[in-house]
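Please keep the viewer open as you go.

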Amino acid sequence: MCRRGFGNKIQIDSIDELTGGTFNTTYRITFANQAKTILRVAPLHAADTAWQDIFLMRSEHAMQPYFAPVAALMPKTLLVDFTRQLIDRDYMFQTFLEGERWDDAWEELTPEENNILWNQFGHITKQIHDVRGESFGLPRPGFQFERWSQTIIDRLERTLYAATELQLDVTDLAHILELVRAHPHQLDEIQTPRLLHGDLWLFNLLITRGEDGPEIVGVLDADRAWWGDPMADWTMFILAHAEPEEGHAHFWQAYGQMEDTQGARFRKTVYDGMHAATALVWSVRNHDDGTVKRAYGTLREVAEALPSLF
């Protein structure tokens, strides 16, 4: 694989598997000249692979050009190989970024230092969300839709199917889907698809610490990127449901406040249900009982709140 990417004369000094990821297998490769690269290898597709996890690496490759506003912070692709000629998996080589994950450094930083990073985080997220697309949904080979309501309904339907296959209680999720199908117009107030990272949080941000304060120097793992309403991005869901942090205000100061209309409140509530349902399926498969309980609670809250927001 290295010879295919860098030539037959390449000499490898060391290969280290990196931890912390939940899907791809990732290695840091150091060559004899001390240059470093990252090798990411996608897993084999199995019968139980979640619908949103199929062809993640191909989606990331398709979406990379749209992250141009923050390209200086993202790894550059050196080789992407979808031929399955060498191994029966997709893989890519990317440039190695120096830095440490923000969530690893969080407790060692002062509140003031973390607030600086929250401000930078808000600015970066706004730059991503300002990119406009042509259709809603996932890049090919995923699913594209002309209307935003179609995109959300499709996601809810697929998640409901997955939850049913796991023999979970889907009463609230089925009710949410029924309400959204009956009232799509407030979702369709969103007319312009915007770029969503899909998985941007502290564990996917690299930072450095300098005399002038900490700085975000890396944005990782955009393989769950899609097109839609910025308020539907996973980042916004976590901001609303994570433990209250002083830093959140610094994020919003840099990002700008979202609109507060009845339509916006309806959409936000639907997105809460969508993300909670996804978290429910994931946490059951990964035996995370705490998240299962919280997800069920959020689904109940959403199902009860939506009728008052039509």
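Predicted model: local features only at pLDDT ≥ 70, side-chain atom pairs only at ≥ 80, totals over all residues.

Helices (H or I, at least four residues) and strands (E, at least two) are DSSP runs, numbered from the N terminus. Residues are numbered from 1 along each chain as its sequence is written, and side-chain values use heavy atoms, with hydrogens and water left out.

- G133 counts as partly exposed because its relative accessibility is 22%; buried means under 20% relative accessible area, exposed over 50%, and partly exposed in between (1.4 Å probe, protein chains only).
- Leaving aside neighbours within four places in sequence, G133 is in contact with P193 and W227, where contact means heavy atoms within 4.5 Å.
- From G133 to M231 there are 98 residues in sequence, and the C-alpha to C-alpha distance is 16 Å.

- Strand β5 (residues 91–95) is largely enclosed by the rest of the structure, because 4 of its 5 residues are buried.
- β5 pairs with strand β3 (residues 36–41) in the antiparallel sense over 5 bridges; two strands pair if DSSP finds at least two bridges between them.
- V41 has Y91 in β5 as its bridge partner.
- β4 and β5 also run antiparallel, joined by 4 bridges, and here L79 stands opposite F93 in β5.

**D81 in strand β4**

- D81 belongs to strand β4 (residues 77–81) and counts as buried because its relative accessibility is 4%.
- The side chain of D81 makes a polar contact of 2.9 Å with the side chain of R4. A polar contact is a pair of N or O atoms within 3.5 Å; within protein, one must be able to donate a hydrogen and the other to accept it, and residues adjacent in sequence count only if both atoms are side-chain atoms.
- The side chains of D81 and T83 are joined by another polar contact, at 2.6 Å.
- Beyond its neighbours within four places in sequence, D81 is in contact with R4, L86, R89, D90 and Y91.

**The sheet β6-β10-β11**

- Three strands form an open sheet of 3 strands in the order β6-β10-β11, with antiparallel pairing.
- β6 (100–101) and β11 stand at the edges with a single partner strand each, so one side of each has no neighbour in the sheet.
- Strand β10 (residues 205–210) pairs with β11 over 6 bridges in the antiparallel sense, and a hairpin joins β10 to β11 through 2 residues.
- T208 stands opposite E215 in β11.
- β6 and β10 run antiparallel and are joined by 2 bridges; R101 has L206 in β10 as its bridge partner.
- Strand β11 (residues 213–219) is mostly covered, with 5 of its 7 residues buried.

**I176 in helix α6**

- I176 lies in helix α6 (residues 171–182) and is buried, with a relative accessible area of 0%.
- Not counting residues up to four places away in sequence, I176 touches L156, G273, L299, V302, A303 and L306.
- I176 and V302 are 126 residues apart along the chain, and their C-alpha atoms are separated by 7.4 Å.

**Pocket and cavities**

- On a 1 Å grid over the protein atoms alone, a cavity is a set of points where a 1.4 Å probe fits but cannot get out, and a pocket is an open set with protein on both sides within 12 Å along at least five of seven lines; lining residues have an atom within 4 Å of a point.
- Grid points are joined across faces, edges and corners, and a volume is the space filled by probe spheres set on the points.
- The second largest pocket has a volume of about 610 Å³. Of its 27 lining residues, the closest to the centre are D229, P230, M231, M258 and E259.
- α9 gives the most to the lining of this second largest pocket, with 5 residues.
- The whole structure holds 4 cavities of 30 Å³ or more, and the largest cavity has a volume of about 60 Å³.
- Residues lining the largest cavity include F23, H45, R84, R89 and D90.
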